[in-house]
Amino acid sequence: LVDVVAAAGGDFIGLNPLHALFPDNPAHISPYSPSHRAFLNALYIDVEAAPEFAASAAAQRRLASADFQARLAALRATGVVDYVGVAQAKFAILPLLFDQFKQAGGARARAFADWRAQQGEALERFARYEALQAHFRRTSDAWGWPAWPEDYRDPASPAVADFAQTQADSISYRAWLQWLADAQLAAVAARAQASGMAIGLYRDLAVGANAG
């Protein structure tokens, strides 16, 4: 879309809010009712564009399998977006890419660690929240943090600190998804600027808007 709009002389592309929603409830699709306005909806990640995809034999096999290709064909044939189906498809592949990321280490691991440190406490609390919600949703109908066991409702509680230690990998996965989404959005914004657009991407943040 950036290439088409730039070629036609357009100076910006307006985007709806890209706010983080609720991975455990993909039917909740309103970006104006997010879980967090500072972080991104991981469903916008282009799975095959992640560097880990090219290196992950497991992810490539899963994507190429007959059942998965049939699922993708059905999703692409719908008249409107099947958000639940899209979430199921993407979250079937993304953990495999995270496994590949952890195995590879190197420069990307260092870049992620640096970015994560820069995001500070806000990202850590968000990643813990997503990991906790996934944890409790697996064993109950907990619809959100008010339905969690009381010891876990305070992000500064000892129970949450213990969870962060025992479930560090799950928390890192949620932080990694944010890094991946942020990097892909930045790459599109850079492409828009490089194409000569005066503004590029114009994001509605629900509490205002910004170019970036």
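## Starting point: Gln178

Gln178 sits in helix 8, where helices (H or I, at least four residues) and strands (E, at least two) are DSSP runs numbered from the N terminus. With a relative accessible area of 4%, Gln178 is buried; buried means under 20% relative accessible area, exposed over 50%, and partly exposed in between (1.4 Å probe, protein chains only). Leaving out neighbours within four places in sequence, Gln178 is in contact with Phe39, Leu40, Trp115, Leu123 and Phe126. Contact here means heavy atoms within 4.5 Å.

A word on the ground rules: this is a predicted model, so local features need pLDDT of at least 70 and side-chain atom pairs count only at pLDDT 80 or more, while totals for chains, interfaces and linings use all residues. Residues are numbered from 1 along each chain as its sequence is written, and side-chain values use heavy atoms, with hydrogens and water left out.

## The nonpolar core

What about the core? The largest nonpolar core has 51 residues, and those with the most contacts inside it are Ile45, Leu94, Leu97, Phe112, Trp176 and Leu177. A nonpolar core is a set of buried Ala, Val, Leu, Ile, Met, Phe, Trp, Tyr and Cys residues joined through side-chain atoms within 4.5 Å. At least two residues of this core come from each of helix 1 (2-7), strand 3 (36-40), helix 3 (57-64), helix 4 (66-76), helix 5 (83-104), helix 6 (106-139), helix 7 (158-166) and helix 8 (168-194). Helix 8 gives the largest share, eleven residues.

Setting aside neighbours within four places in sequence, Ile45 is in contact with Lys90, Leu94, Leu177, Leu180, Ala181 and Gln184.

## How the helices pack

Two packed helices are described by the angle between their axes and the distance between the axes. The axes are lines fitted to C-alpha atoms, for helices over the stretch in contact, and angles run from 0 to 180 degrees between N-to-C directions. Helix 5 and helix 8 cross at roughly 100°, and their axes come within 11 Å. That makes the two helices roughly perpendicular; the label covers 65 to 115 degrees, with under 35 roughly parallel, over 145 roughly antiparallel and the rest oblique. On the helix 5 side, Phe91, Leu94, Pro95, Leu97, Phe98, Phe101 and Lys102 meet Asp169, Ser172, Tyr173, Trp176, Leu177, Trp179 and Leu180 of helix 8. This contact has eleven nonpolar, one polar and two charged residues. For these classes, Ala, Val, Leu, Ile, Met, Phe, Trp, Tyr, Cys and Pro count as nonpolar, Asp, Glu, Lys and Arg as charged, and the others, Gly among them, as polar.

Helix 3 and helix 4 pack at about 65°, with axes 5 Å apart. Here Arg62, Leu63 and Ala64 of helix 3 meet Ala66, Asp67, Phe68, Gln69, Arg71 and Leu72 of helix 4. By class, that contact holds five nonpolar, one polar and three charged residues.

## Salt bridges

There are eight salt bridges in the structure, each one a side-chain nitrogen of Lys or Arg within 4 Å of a carboxyl oxygen of Asp or Glu. Asp24 and Arg137 form one of them, at 3.1 Å from N to O. That pair links distant parts of the chain, 113 residues apart: Asp24 is in the loop between strand 2 (19-20) and strand 3, and Arg137 is in helix 6. Both partners are partly exposed, Asp24 at 24% and Arg137 at 32%.

Arg62 bridges to Asp67, with the closest N and O atoms 3.4 Å apart. Arg62 is partly exposed at 26%, and so is Asp67, at 47%. In the Arg116 and Glu124 pair, the closest N and O atoms are 2.7 Å apart; Arg116 is buried at 18%, whereas Glu124 is partly exposed at 21%. Salt bridges with shared partners also join Asp99, Lys102 and Asp169 into one network.

His36 is in strand 3 and is partly exposed, at 27%. Not counting residues up to four places away in sequence, His36 touches His19, Ala20 and Phe126.

Tyr202 lies in strand 4 (residues 200-204) and is partly exposed, at 37%. Tyr202 and Ala189 are 13 residues apart in sequence, and their C-alpha atoms are 9.2 Å apart in space.
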